[in-house]
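Welcome to my notebook. I kept these entries while looking through the structure, topic by topic.

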Amino acid sequence: MRSVSTFFAATLFATSLQAGFHPVRLRCEYLDNPLGIERAAPRLSWEIKSKERDQKQSAYEIIVASSPANLKKNRGDLWDSGKIDSDETAQIAYGGKQLASRQHCFWKVRTWDQDGKVSTSETATWEMGLLDPADWNAKWIGRTTDTNYQAAPFLRRAFSVEKKIKEARVYICGLGYYELHLNGAKVGNHLLDPGYTRYDKRDLYVTYDVTENLKRGNNAIGVILGTGWYNCHTRAVWNFHEAPWREAPKLLLSLEITYTDGTNQRIVSDEQWRTSTGPITFDSIYAGETYDARLEQSGWDTGEFRDTNWERAKIVEAPKGKISAQANVPIRAFETITPIKVSEPKPGVFIFDMGQNFAGFCELKVKGPAGTKVQLRHGERLFEDGSLDTQDIEKHVKKLDPSQTHQTDTYILRGGRTEKWHSRFDYHGFQYVEVTGFPGKPTLDNLKGIFIHSAVPAVGKFESSNVLFNKIARNARWSYLSNLQGIPTDCPHREKNGWTGDAHLAAEQGLFTFDASTVYTKWINDLGDEQRPTGMLPGIVPTAGWGYTWGNGPAWDSAFLLIPSHMYQYYGDTQILRDHFDGFKRYVDYLTSKAKNNIVDIGLNDWAPYKTKTPADVTSTAYYYRDAQITALAALYSGNEAEARKYTKLANDIKTAFNKKFLNPQTGSYGNGSQTALSCALYQGLCEPENKRRVLDNLVKAVEKSNWHIDTGILGSKYLLNALLENGRADVAYRIAAQKDLPSWGYWIEQGATTLWEQWSGAESRNHIMYGDVVACFYKAFAGINPDPTTPGFKHFMIRPNVVGELTYAKAEYDSIRGKIVSDWEMVNGEFRLNVTIPANTVATVYLPISDESTVRESGKPARKAKGVQFVRAEPGHTIFEVGSGNYKFTGPLAK
C-alpha cells in the first residue's frame, strides 16, 4: 500500500500557494505571448485560479492596448470589451479595432467571481505578423535554381547600426529549411524550420525578436538553407522528387530595426546579399547529411568577415504558395540520450545501442587527422551477428535506386583538435547507430543521441499499480513525440509521411498528454490545402500526388473532420469547425457520390489486423456517418441551420442503411461478427439503444473467443476499448490491455520495446503511433477523467474511475484549457479513496464505486454536507455527485 497520495498532496500544496480568485495563464491562439499572429481576430484564453471551493467566474472584461502605459491606465485603445456577464474563459475572439501588420498588443483580463469581487491578471502580449505581401519589401533570393545542386547555400548581408535600438524583428521564410544567424551565433532554438507544407499552396514564415542579437557598429545576418521537403532529391516510392512545388532552396527575409528616436531601418533579402557554399556538401530529409569541416569559413556570419570572394545572390522566382505566418510551436531538441553499449561486430564497424528508439540525430565527438571520414548509419534493428539491419526502413528508397543512402550522416574531420558535430537539416528514427571510419576505438562518450520533436507542452500524466500500463504509457509518449515533427507522421525512419489514419487514431492520446493544439491546427490547414475540388483527400498529407493513388478513403481521410471534432471536444474550439466547414461539406458530398444506398465501400479497411479481417464497407460507412454528423455540427457553428438539417438527415439515413445492411436482427451481430465490426457499431454510435445489450454481449463473447485478447487492426483497436468502457465493461477492457502475449501491447513490452510498433507480431516499423489510443483509455477508464461530449472544453466533465482487475491505484493529471484536473484513487483495506482536483470555473460529475451514499465521506465528513458537493443519484454500484471546483478527498467502502 502506498502512503496517502503524495501525488495529490503536491497538487494541493501548489494550489494553496495561489491567493484568492484570479485569472492566470493568458494565451493568444493557444500560445504564450506569441509573435507573428495572422488571424484578424485572435482568440484569447485564460484560466481561473482559486484556493476556495465551488468558485465560478460571473463576468469578464478584456482590455487590449497599443502600449504598456495605456494598459496600465486601463485605456483599451485597441479594444475594451466592457464587462461581459459570462463564465467563459476560452476561445474568445478579439473584437476591437482592425489590427495592422506589426501591431503590438498588450492585454489583460479582469474577472468577477460569483460574489462580484473583481481581480486582474498580469499583462500578456501578442504581436501581429506581416498581413500583406507588400509589407515585406523583400525579394526571393537563392544561390542557384538547379534542383540537383547539392551543396547547401550560405547567404549573408553586412550592415551597420549607429543608433540605440528600441527593438528589432526578423521575418524569415527559408525553403526547404533554414538556419538563421546574427553576429556569429544561431538565432533561436528552432530546428527544421519552417514547417513542412504543400509548398505550392502555403509557405510559412517565422518571426524572431532579435533586439538582443544586434550591436552598435558592424553587424551581419546570415542564413544557411537546406533542401528539406521543398527540394527532395532522394528518390522514393512516394515521388516527392517529382513534387509540383520542387525548386532549389530560396530565402525571403526582412530584418526591421526600430530605434529609440522613432526611426526605422530595414535589411531585406535582395541582390545586395552575398552567397557561397560551406561545409554542408549534401543534405536530404531521407538520405542524411554530409559535412566537410575543412570547408568551414570561420566568422562567415559576423560583420568583420570579408566576403569579397562570395558571389551576389540571385533573384529567383517566388514559390507558388501563399506566404503565411507559422502559428504552430517549432521543432526543438529536448532530451540528450547516452548510449548504453558499444560493440564491434566486425573490425572497424562499431554499433552504438542508445537503449531507446526515438527520432532525432546524433552528436559526434571525435579527434583525428584532417580528412578522416566518419559515417553514422541509423537503424532500429540488429542482425543476429550484431550488425545493423536497415532492410525494412530503407526498402522504399532502395527500391527506386539501390545506390542511394538512407539515414546516413557523414562527418569529415577538420583535424587538430576534438571536434563536435551534428546534422542540421535531417532527422532519423533509430535505436542503433553504426559508426565506421572512426579514428581508433570509440567509447560511450563519443556519441550522444538528441531527441527532437514539436515543442508541445506536456499536459498529462498517468500512473497506476499496473506496471505494464505505466510502461505502455511511457512507450506511447516516445512514439507520439517521435512522430510529431511539425506534422503528425507514421514513423520517423522509413517514411516520415503524414498518414491521416495514424494521426486521427492517436489524436486523443496526444491531446490527453500534450497540448498539440497548434500542430493539429496547422496540419488541418494542410489537409484543406490538399483537398481537390471534387472533395477528394489523399492518404498522406502533404503529398506530391502519390497520396491520391493508394491508402486514402474514409477511414484515413476522416482525419480532416475527426481531429477538428476532438479539438472542439478538448478545447472548445469552434473556430476550426467554421474555418473548414466548406471543406467538410465537399468531402462528405464526395463520399455521397461514391455511396450506393448510403453504403460506402472505398479505401482501406481495418489495417494490420492480427487474424480477423473486417470488410471496408463496415468501417468506411461508419466514418461516412461520423463525418456527416461533424459537418452538421460545423454548420450550426457557422450559422447555417439549413445545412445542419441537411447533414443531420444524411447521417440518420446512413445509420438506417448501416443497420439494414450489417445488423443481423436475430443474432444481434454486425457484419462478420469481428471485434472490429461489433465495436465499430457501438463506438461510432450506429447501434440503436434497443440493440446495445445484445451487441455488447456478442462483443464480449468475441473477446472471450480470442482468449481475452484483442483481435483487430488499428481502427478496431480504438473502437474496442472505448466501446467496452462506454458500455460498462471496463473490466474486459482492462483484461485486454493487461495481456502480455500475442497479440497485445504487453507482448511488445516483453520483447524489449521502448516504443509502440506497427504490427502486433513486431514485423516492420518499431516506432509507430497508430495503436496509441490505449493510453487515452487509461485516462478515461482507469484514472477516470472523461470529457463531456455535451459540454466541450472540459467546462463540465466526468470523473469515473473503474476499480477493475488487479488495480489497487490509478492517478492522472490533465492540464485542460480551463486548468488542472486530478483524479487519484487507491484501495486501502477495502476502502476506496479518491482525491480529485476540479479547476475553478468548472464542474465535474463524480462517479464513486460506492453503493451506499450514506457511507461516502469527504475530508472526513458526510459527503452530502461538504461544500461544493451535491448528491445527484445512486445507481447499482455507484454513488454520483456533482462537484464544484476545488480539492476533495472522498472515501467509502468499495461496492461489492
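**Entry 1: cysteines.** I began with what counts as a disulfide: a pair of cysteine sulfur atoms within 2.5 Å. I kept in mind that this is a predicted model. How many disulfides does a search of the whole structure find? I got 0.

Cys 687 was next on my list. Its sulfur has Cys 680 as the closest cysteine partner, at 11 Å, and that is again too far for a bond. Cys 687 is buried too, with a relative accessible area of 4%.

**Entry 2: cis peptide bonds.** I looked up two peptide bonds here. I found that the bond from Leu 175 to Gly 176 is cis, with omega near -10°. Where is Gly 176 found? I traced it to the loop between β11 (165-175) and β12 (177-182).

The bond from Val 541 to Pro 542 is cis as well, with omega near 0°. Pro 542 sits in the loop between α6 (517-530) and α7 (554-557).

**Entry 3: positive phi.** I noted Gln 91, which is not a glycine and yet has a positive phi of about 60°. I placed Gln 91 in the loop between β4 (79-80) and β5 (92-93). Is Gln 91 buried or exposed? Its relative accessibility is 17%, so I wrote down buried, the cut-off being under 20%.

Arg 102 is another non-glycine residue with a positive phi, about 70° in this case. I found Arg 102 in the loop between β5 and β6 (104-113). With a relative accessible area of 22%, Arg 102 is partly exposed.

**Entry 4: helices α4 and α5.** I turned to helix α4 (residues 467-482) and helix α5 (residues 500-513), whose axes come within 11 Å and cross at roughly 110°. That angle falls in the range 65 to 115 degrees, so I call α4 and α5 roughly perpendicular to each other. The crossing of α4 past α5 is left-handed.

Which residues make the contact? From α4 I listed Ala 476, Arg 477 and Tyr 480, and from α5 Ala 506, Gln 509 and Gly 510. By type, the residues of this contact divide into 3 nonpolar, 2 polar and 1 charged.

**Entry 5: helices α11 and α12.** My last stop was helix α11 (residues 616-637) with helix α12 (residues 641-662). Their axes come within 8 Å and cross at roughly 160°. An angle over 145 degrees counts as roughly antiparallel, so that is how α11 and α12 run relative to each other. I recorded the crossing of α11 and α12 as left-handed.

Sorted by type, the residues of the contact of α11 with α12 come to 15 nonpolar, 4 polar and 4 charged.

Definitions and conventions: Residues numbered from 1 in each chain as written. Predicted model: local features only at pLDDT ≥ 70, side-chain atom pairs only at ≥ 80, totals over all residues. Heavy atoms only, no water. Axes fitted to C-alpha atoms, helices over the stretch in contact; angles between N-to-C directions. Helix = DSSP H or I, 4+ residues; strand = E, 2+ residues; numbered from the N terminus. Parallel < 35°, antiparallel > 145°, perpendicular 65-115°, else oblique. Left-handed = near helix turned anticlockwise from the far one by under 90°. Nonpolar A, V, L, I, M, F, W, Y, C, P; charged D, E, K, R; others polar. Buried < 20%, exposed > 50% of the residue type's maximum accessible area, 1.4 Å probe, protein only. Contact = heavy atoms within 4.5 Å.
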